[in-house]
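User: Hi! Could you walk me through this one while I have it open?
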Amino acid sequence: MIQSETLELLEWHRLCQHLATFAATKLGAIASTNLQIPTSQSVSEQLLAQTKEVYQLESRLATGLSFDGIQDIGDSLERAELRGILAGDELLAIATTLAGARNLRRVIDNQEDTPVLTDLVADLRTYPELEQEIHRCIDERGVVADRASQKLAEIRDDLRRLRSQINQKLHNILQAKSNAVQEQLITQRGDRFVIPVKASHKDAIPGIVHDSSTSGVTLYVEPSSIVPMGNQLRQTLKREQAEEEAVRRILTEQVAAVTPDLERLLAIVTTLDLAAARSRYSYWLKANPPRFINREEQEIVTLRQLRHPLLIWQQQHEQGHSVIPVDLLISPHIKVVTITGPNTGGKTVTLKTLGLAALMAKVGLFIPAREPVEMPWFDQILADIGDEQSLQQSLSTFSGHIRRISRILNALENEEEENQPNSLVLLDEVGAGTDPAEGSALAIALLQYLAEHAQLTIATTHFGELKALKYEDARFENASVEFDEATLSPTYRLLWGIPGRSNALAIALRLGLKPEVVENAKTQVGEASDEVNQVIAGLEAQRRRQETKAAEAQKLLQQAERLYKEVSDKAASLEEREKSLRVSQEVAVQQAIAQAKGEIAQVIRRLQQGTPTAQDAQQATNALNQITQKYQPAAVAKPKVGFMPKVGDRIRISQFGQTAEVLTAPDEDGELNVRFGIMKMTVKLPDIESLDGQKAEPIVKQKPTPTPTTPSPQAAPAIRTSKNTVDLRGKRVADAEIELDKAISEANGPIWIIHGHGTGKLRLGVHAFLRQHPRVSSYEPAESADGGSGVTIAQIS
């Protein structure tokens with residue numbers, strides 16, 4: 001009972017009505033209006049996951065989730081299961097619902113990051129064959145089509161033939177008896193075809209009178225000549241109805257056979273529509289998803305810029321006042337928060353806003369507050385808000401409050417029997433409606449009881465004694481609604497840690513009470529109360545100054561974050577550009593190397609073709625020099641050297657950030673004497689810099705200068721030809737020396753000497769001869785491609 005009372009006090013039904021306007025189907029709207037409150041946290045988390053996934057999915061889709069074609073077919077399924085025969089439009093509604101559900105499943109299955117929704121529609125069976133059969137038998141008007149059965153097609157052919165014959169017969173009568181008819185018209189009365197006959201000429205057209213005009217001047221007569229055809233038409237119509245009923249019975253039986261699956265389909269589609277409604281309502285509220293916390297793990301209730309959802313609706317749709325948000329930051333050790341302050345200051349609205357936020361989180365709705373939204377999952381939300389005065393039940397205000405609070409305490413007691421206390425209790429004007437002293441004592445006792453038996457209690461009060469509980473018990477906290485003394489009106493802002501002042505005298509003066517009465521009341525209050533109010537006023541002023549500074553600091557922080565992001569983006573862009581340039585340069589170098597290799601290969605091929613001459617060798621050398629100059633990277637310019645301090649120069653000492661005057665030039669160890677102010681000191685060159693930021697040039701100690709040698713011009717690469725190759729294989733050492741001496745005397749470059757491997761004697765003799773020959777500057781084994789150790793290359797000077 002107390003749960004339903006709380007929902008009524010918080011106006012939960014109004015929020016459900018607002019939610020229903022965002023539903024796409026009739027079933028979704030009904031489910032939104034009668035929203036069920038989950039009894040476990042796991043169910044709430046599942047509902048929140050559904051809302052989040054639909055929220056993300058609809059932000060990607062151009063038109064959001066479409067529920068086109070889905071209708072409330074629950075009554076039809078129930079009647080089909082009871083073996084009733086469904087009408088054509090009911091069967092058509094089932095077919096369109098199946099198609100709509102299939103489209104929903106297709107959209108969800110095409111998404112990659114919707115595991116909860118995908119799992120929800122995994123068992124959805126849409127029976128396309130049943131849908132096709134219904135569309136085959138029922139046309140878009142809900143009428144059984146001719147194609148439904150061969151027999152029905154034949155019956156309808158007979159009907160068209162009979163109607164045509166009757167019309168032709170009546171047209172002939174109208175033409176033949178034109179003077180007896182009121183007008184040239186064929187009409188119907190019931191299922192019989194008639195013509196309007198003048199009452200004065202009724203004997204001219206014998207037949208059955210089915211109706212007459214109001215004046216009695218016109219009679220609607222079915223001529224005797226078409227009565228047999230009319231009777232035949234009636235019998236054929238009955239045959240048509242029977243055949244249509246047979247078709248619809250077969251379709252109804254097919255529907256009844258899969259009714260459990262169709263009921264499951266209807267439940268899944270309704271769940272999806274409800275999730276979509278929650279998502280769209282949350283988006284409209286500019287709300288954020290909550291995270292359920294465990295206060296036992298020292299997590300803080302965080303609800304910044306929390307707004308009342310019903311006031312948001314009132315502002316948007318009923319031109320209400322702008323909604324003032326409140327901040328609720330409640331530490332884990334706090335069990336009771338007492339809110340004080342003037343009437344009409346927003347205390348009750350704060351209670352209702354928190355209560356609705358807790359309920360919204362439980363049913364899977366987002367909370368209209370700034371991220372992060374963190375709050376506990378409450379087993380029960382129990383409230384005593386408003387005046388319970390009732391003349392019918394002979395209840396005073398105090399009696400009404402006490403009875404409701406008793407029901408709250410009973411609910412808490414029942415909860416404790418099952419698990420740990422985890423309820424949210426909201427009390428408005430606790431202890432009011434009776435003697436202030438007794439009411440205050442009762443309120444204190446009640447709040448102390450709730451601190452033990454409830455997860456969190458928020459209570460509003462005017463009793464000053466309740467403000468002192470914070471200083472006696474760490475589980476209590478004070479808050480107050482702000483009052484602007486300049487305008488003598490509340491600002492509706494919630495201030496934490498500061499007890500409020502009732503400001504009753506200021507409000508009474510603003511509302512027109514005589515000033516002398518207010519002044520007399522101030523004297524009655526006493527100086528002590530006035531001093532307390534002054535202290536509270538000072539705390540409020542200090543709070544406002546701190547909030548102003550915090551806002552300024554937050555603004556600076558946002559600017560710094562924005563600048564940091566801009567710099568980071570530019571740095572990333574420059575890094576990416578540098579990487580791109582490096583890659584392109586590497587590609588260009590590789591291309592240049594490949595092209596140079598190709599050109600060198602062409603030079604070698606030209607030399608190897610035919611018999612090369614000295615002129616060809618010189619041309620090859622020139623070509624290679626040109627290739628070297630073409631592809632050799634340009635010399636990197638040396639960076640500009642730093643400055644060298646001189647006596648009298650002004651320099652900066654980096655270590656101290658001070659400027660100083662140079663007294664002596666740097667010695668060979670890089671040390672110099674400087675003066676700044678009245679102090680003199682010796683510093684090293686690396687520790688100083690010029691006033692424009694240049695580092696000092698380091699002292700390089702002189703080393704003995706080696707004798708300069710004139711570099712030789714770059715020689716052309718040696719190329720092996722038949723002219724500079726000597727083959728000594730098979731010769732004795734003495735004969736080889738004669739032939740080798742001749743080759744050396746004629747050579748003007750390196751020669752290749754082929755001596756082979758064999759026993760090694762010829763190779764040793766050749767090397768001994770080369771060592772003592774005056775024109776041989778050096779010799780070495782050839783590369784493996786030219787014969788390796790079986791060939792020796794001698795450099796001829």
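User: Where does Lys-286 lie?

Analyst: Lys-286 lies in the loop between α11 and β5 (290–293); helices (H or I, at least four residues) and strands (E, at least two) are DSSP runs, numbered from the N terminus. This is a predicted model, where local features need pLDDT of at least 70, side-chain atom pairs count only at pLDDT 80 or more, and totals for chains, interfaces and linings use all residues. Residues are numbered from 1 along each chain as its sequence is written, and side-chain values use heavy atoms, with hydrogens and water left out.

User: Thanks! What is phi of Lys-286, and is the residue buried or exposed?

Analyst: Phi is positive, about 55°, although Lys-286 is not a glycine. Lys-286 is exposed, with a relative accessible area of 67% (buried means under 20%, exposed over 50%, partly exposed in between, with a 1.4 Å probe and protein chains only).

User: And what about Gln-298, what is its phi near?

Analyst: Phi of Gln-298 is near 65°, a positive value in a residue other than glycine. Gln-298 sits in the loop between β5 and β6 and is exposed, with a relative accessible area of 58%.

User: Which peptide bond is cis?

Analyst: The bond joining Glu-371 and Pro-372 is cis, with omega about -5°. Pro-372 is in strand β9 (residues 370–376).

User: New topic: which residues are buried in α12?

Analyst: In helix α12 (residues 309–317), Pro-309, Leu-310, Ile-312 and Trp-313 are buried. Seen down the axis, the buried residues of α12 fall within an arc of 155°, so they line one face of the helix; the arc is that of the directions from the helix axis to the C-beta atoms.

User: Nice. What covers them?

Analyst: The cover includes α2 (12–20), α11 (259–285) and α13 (347–362), where contact means heavy atoms within 4.5 Å. Just after α12, Gln-319 takes a positive phi of about 50°.

User: What is the strand order in the open sheet of 5 strands?

Analyst: The order is β18-β17-β16-β15-β19, with antiparallel pairing; two strands pair if DSSP finds at least two bridges between them. β18 (679–684) and β19 (688–690) stand at the edges with a single partner strand each, so one side of each is left without a neighbour in the sheet.

User: How many bridges link β15 and β16?

Analyst: Strand β15 (residues 650–653) and strand β16 (residues 658–662) pair in the antiparallel sense over 4 bridges. Arg-652 has Thr-659 in β16 as its bridge partner.
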